[in-house]
Amino acid sequence: MTMGDRLAMVVIAALAGCTAPKAVEGPVGLGQLAYVGGPRVMPERVIEDSRCPAGRTCVWAGRVVLRAIVYGGAWSKPVDLVLGVPVDIADGKLTLVAVTPARLAGRSARTHPSRFAFAFQGGL
């Protein structure tokens with residue numbers, strides 16, 4: 001066995017231990033991969049969370065804008081998703097349908113991390 005053959009075996013063995021994150025159905029946190037009936041979606045960061053805090057009366061309900069990476073087959077692309085607003089992805093529409101927990105006045109998102117739920121309508 002040559003040195004090149006040994007090196008190739010080491011690289012193959014190392015890569016065999018690398019696995020992609022497992023996609024789950026249902027709400028996911030930042031950095032987790034969600035399977036959405038076609039594409040897979042990984043929330044990266046919350047760009048805006050101006051929702052009215054639970055138990056408060058607000059003139060404007062506010063909104064959530066989430067930066068996510070959408071994966072479909074051999075492609076991926078970053079997408080900004082606004083809660084409740086469908087976005088064209090491949091041959092369907094992807095929607096951020098829920099963000100939990102509700103925004104609480106005076107509490108940091110770091111102490112109460114959000115979970116995100118998505119829906120996809122169409123085919124891929």
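This section describes a strand sheet, a disulfide and the surroundings of one threonine in a predicted model. Local features require pLDDT of at least 70 and side-chain atom pairs count only at pLDDT 80 or more, whereas totals for chains, interfaces and linings use all residues. Residues are numbered from 1 along each chain as its sequence is written, and side-chain values use heavy atoms, with hydrogens and water left out.

Strands are DSSP runs of E of at least two residues, numbered from the N terminus, and two strands pair if DSSP finds at least two bridges between them. An open sheet is formed by four strands in the order 1-2-3-4, with antiparallel pairing. Strand 1 (34-35) and strand 4 (75-82) each have a single partner strand and stand at the edges, so one side of each lacks a neighbour in the sheet. Strand 3 (residues 64-72) runs antiparallel to strand 4 and is joined to strand 4 by eight bridges. In this pairing, L66 is found opposite L81 of strand 4.

With a disulfide defined as a pair of cysteine sulfur atoms within 2.5 Å, the model contains one disulfide. The bond links C52 and C58, whose sulfur atoms lie 1.9 Å apart. The torsion about the S-S bond of C52 and C58 is about 75°, and the disulfide is therefore right-handed. Relative accessible area (1.4 Å probe, protein chains only) is classed as buried under 20%, exposed over 50% and partly exposed in between. C58, at 35% relative accessibility, is partly exposed.

T95 belongs to strand 6 (residues 91-100). At 13% relative accessibility, T95 is buried. Apart from neighbours within four places in sequence, T95 is in contact (heavy atoms within 4.5 Å) with G84, V85, P86, A117, F118 and A119.
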